Amino acid sequence: MTYGIRLLVSGPFACFTRPEMKVERVSYDVMTPSAARGILEAIHWKPAIRWVIDEIHVLKPIRFRSIRRNEVGHKASARNAKTAMNRGDLSGLALLVDEDRQQRASTILVDVAYVIAAHFEMTEKAGPQDNEGKHLDMFNRRARNGQCFHQPCLGTREFDARFRLIDLDEPIPEPDTSAHTAELGYGTPRDLGFMLFDIDHQAKGRPSLFFRAMLQNGVVKVPPLGSPEILR
Amino acid sequence: MTILQSLARAYERIPDAPPPGFATQKIGLVIGLNADGTIATVSDLREAQGKKKVARQMSVPAPVKRTVAILPNTFWDKTSYALGVTAGSGKRTVQEHQAFVDHHRKLIGATDDPGLLAFLRFLDLWQPEMYEAHFSEDLRDENVVFALEDERLQNIHLHDRPAALKILNTADTEGGGQICLISGKRAPFARLHPAIKGVWGGQSSGGSIVSFNLDAFESYGHEQGENAPVSESAAEAYAGALNHFLQKDSGHRVQIGDASTVFWAEADDTQMAALSEKIFGAMVGGADTKASAAEEEAAAKRVGIVLEKIRAGQALKDVEPKLGDGVRFYVLGLAPNAARISVRFWLAESFGELAKNYGRYSADMHIAPPDPHGTPALWQYLSETAVLGKRENVPPNLAGEWTRSILTGTPYPLTLLNTVLMRIRSDGIINARRASMLKAVLVRNFRMEKEAPVALDPDNRNKGYLLGRLFAAYEHAQTGALGRGVNATIKDKFYGAASAQPRKVFALLEAGSANHLSKIGKVRPGQRIHMERTIGGIMDLMDPNSDPFPATLSATEQALFGLGYYHQRNAFFATKEIPSEETSTDA
């Protein structure tokens, strides 16, 4: 029995930053599974469930634009905060945003729309009061009403995602026939190279997991966690 | 395929690529050593190129990445490290040389290889004070390699010896294994990536595409290269390929505004790959005028023919079938940001698709009368958007965005329209290049094929276009009346206002033109009638129900104003030329 859901997400901009080009950001061509998971978790998530992304459908042609933005150069230091606590004094703790500027170029995606096909699994944290039907209902109700814990985003916080639930009896939207190009993998599958699958937060050192993404007829099939296609 | 993967793949195709663990560096001199460690010869490897002496490119063990710390290279280095001598103030040369000596003593250890023994003996014997006895002054700070004297002439250097290779291969294998995001295999990751040199406007020591030089860029407690695990060999491969392409005259780079653009082709047929690279170079970089040898000339001719056909709108598979299908083409635009390098655009496409998009761009840019200097290259168009026409004044980001839209066939950036309008308003020059840029944006972004014609369209009723024509007519009347010696013509004075706020100035211009026409009439009555007819003809086309001189014109109408002005002005010149030609043929 599957508890599949399909969610349409879209937005004017998106940036699914590649790890190798995350300073002068360059986006992946297509939404990553971890970004899709983040969107679903923004709508409904409890420790009892774990989202598993099955497919990502690309509905619009892949278009890029580059912009420059001023961003902050440093993180607030945890160590400084600790010493300030011990000292009982806040001096020197501030991070002055306008005095610590870094101009960074970003090559981002414009005008994107995806359908995320996913299901969830129950985790060991599920109690006796948790069951699949309950969480599926909760997700469907919340997504239909446009409810979310925080506004889901397309890769980075500044690019918000608009979402709509696609009911099970509704067909998945297709890209325009004009977009049925080799770029979206129509005809021959398009190799997108190694793509970030997720971060393995359980393992020591929190390594990144990668998989070889193929775009075929506008769809990226995401292998399940634990399959040999996920490189770890 | 990602950018780095494609580059790493391209590296395998570079014919004289250095082996893994090696990199191509500029080497100034080679020291020939005797077996007892004394210096036998010192040979200068530099070649004179004009006034400058240029060091030779040589494959040597990959350099370390130096920032502030003293870090020696292996078996080669600049003189301050290798010999303890520098041309500068040299505050640290003693430590640097000591680090070089210690590094090699530790690395080589006990050996019985005659080459390495001689090298160790040399390091023991050498004192920086001995420099002047062996070396000329201008060799300071060049990179030095070593060789055994009896092997030097066979071009075998110390780092080429089997014993040295063995040491190099066993060193540097520490570091935890991670999945490499280029090769997908588990391998020690590169903490710092090799520097990319030759990006225009970047630091001379090179920059990095993959770098994490501030803590805001790091995630999940990962440090430096661990944020994006790339194996050492893959990092060397992509950087090696990029550095190779970025070299001057590599045939793989063009400068488009602030974007240093590299391109390469991938095909089973290497000849076709080379041809497509040449064609692309000519597309964006302009014709290569340096071709001299007969063979090159023939190749250039072939490129020119193909290019003409693409510009005429023919599909590449009809012109050169092999080029259209079998060649995959990669274009990468890079721009520096201090020590980092950012990617402006990236394209991996079949060459046929690329040629098709280029053909569309050529059609968009087509204008009559054309530029007198032949088809301008992309950078020549971009210079028109820059203050004083200087390349460094091209608005940042415009070059990259425009190139991307040309190559992918998407709408042009609207900043192009605004920038050109702004340049015209401030320096008052409207030439074929600017007019064709205006037209291209109108045609592609606003779908105004009808309103923005290639050549003068006497029936076009767009008010911007008509006002532009009218303005050109008034200017022509002024030139006719007062000659070319006028200090500030009405174009110099009023173009900006006339194109943006016609109501403010057109009444004034109309009044002025009456004086000009009457003055022409006194000398050349025929021309006066001709002028009046032209002006009347333009006025007749204006919509009687709306204000002929609106308060403001939108950006697209301003662009049409510029186009109308360009067409009408050149029409005046053309009509002048025809009678003179007739008289010459009659005579």
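How many of the 232 residues of chain A count as buried, as a percentage? The share is 48%. This is a predicted model, and all values below are computed from it.

## Chain A in outline

Chain A has three helices and eight strands. Along the sequence they follow the pattern β-α-β-β-α-β-α-β-β-β-β. The C-alpha trace of chain A spans about 60 × 50 × 35 Å along its principal axes.

Take the contacts between residues at least 6 apart: 72% of them join residues at least 24 apart.

The largest nonpolar core holds 93 residues. Within this core, A:Val30, A:Met31, A:Tyr114 and A:Leu154 touch the most other members. Its largest share comes from α8(B), which supplies nine residues. In soluble globular proteins, nonpolar side chains tend to be buried together.

What does A:Met31 contact, leaving aside its neighbours within four places in sequence? Its partners are A:Val9, A:Phe16, A:Ala36, A:Ile39, A:Ile56, A:Tyr114, A:Ile116, A:Leu154 and A:Met195. A second, separate core has 92 residues. Its members include B:Val394, B:Leu416, B:Ala440 and B:Ala559.

## The mixed sheet of chain B

Four strands of chain B form an open sheet in the order β3-β2-β8-β7, with mixed pairing. The edge strands are β3 (39-44) and β7 (76-78), and each pairs on one side only. From one strand to the next, the twist averages 25 degrees.

Strand β2 (residues 29-33) and strand β8 (residues 143-148) of chain B run parallel and are joined by five bridges. B:Leu29 has B:Val144 as its bridge partner in β8(B). Helix α4 (residues 114-125) of chain B packs on this sheet, touching β2, β3 and β8. The direction of α4 makes about 130 degrees with that of β8(B).

## The antiparallel sheet of chain B

Another open sheet of four strands in chain B has the order β11-β12-β13-β14, with antiparallel pairing. Its edge strands are β11 (253-256) and β14 (340-350), and each pairs on one side only. The twist averages 25 degrees from one strand to the next.

Four bridges join β11(B) to β12(B), and the two run antiparallel. B:Arg253 stands opposite B:Val262 in β12(B). The hairpin of β11(B) and β12(B) has two residues between the strands. In that hairpin, B:Gly257 takes a positive phi near 60 degrees.

B:Gly333 has B:Phe345 as its bridge partner in β14(B).

Two helices pack here. Helix α13 (residues 351-365) of chain B packs on the sheet and touches β13 and β14. Its direction makes about 100 degrees with that of β14(B). Helix α8 (residues 232-246) of chain B lies across β11, β12 (259-266) and β13, running at about 110 degrees to β12(B).

## A helix pair in chain B

How do α20(B) and α21(B) run relative to each other? The axes of α20 (residues 502-523) and α21 (residues 525-541) come within 6 Å and cross at roughly 150 degrees. Angles over 145 degrees count as roughly antiparallel, so α20(B) and α21(B) are roughly antiparallel to each other.

From α20(B), the contact uses B:Glu510, B:Leu517, B:Ser518, B:Ile520, B:Gly521 and B:Val523. They meet B:Pro525, B:Gln527, B:Arg528, B:Met531, B:Glu532, B:Ile535 and B:Met539 of α21(B). By class, this contact has seven nonpolar, three polar and three charged residues.

## Backbone points to check

A cis peptide bond joins B:Ala368 and B:Pro369, with omega about -10 degrees. B:Pro369 sits in the loop between α13 and α14 (378-383) of chain B.

A:Asp111 is not a glycine, yet has a positive phi of about 50 degrees. A:Asp111 is in strand β4 (residues 101-122) of chain A. At 40% relative accessibility, A:Asp111 counts as partly exposed. B:Arg447 also has a positive phi of about 50 degrees without being a glycine. B:Arg447 lies in the loop between α17 (432-446) and α18 (463-482) of chain B. Its relative accessible area is 65%, so B:Arg447 is exposed.

Technical notes: Residues are numbered from 1 along each chain as its sequence is written. Chains are lettered from A and ligands numbered from 1 in the order in which they are written. This is a predicted model: local features need pLDDT of at least 70, side-chain atom pairs count only at pLDDT 80 or more; totals for chains, interfaces and linings use all residues. Side-chain values use heavy atoms; hydrogens and water are left out. Axes are lines fitted to C-alpha atoms, for helices over the stretch in contact, and angles run from 0 to 180 degrees between N-to-C directions. Angles under 35 degrees count as roughly parallel, over 145 as roughly antiparallel, 65 to 115 as roughly perpendicular and the rest as oblique. Contact means heavy atoms within 4.5 Å. Ala, Val, Leu, Ile, Met, Phe, Trp, Tyr, Cys and Pro count as nonpolar, Asp, Glu, Lys and Arg as charged, and the others, Gly among them, as polar. Two strands pair if DSSP finds at least two bridges between them. A nonpolar core is a set of buried Ala, Val, Leu, Ile, Met, Phe, Trp, Tyr and Cys residues joined through side-chain atoms within 4.5 Å. Buried means under 20% relative accessible area, exposed over 50%, partly exposed in between (1.4 Å probe, protein chains only).
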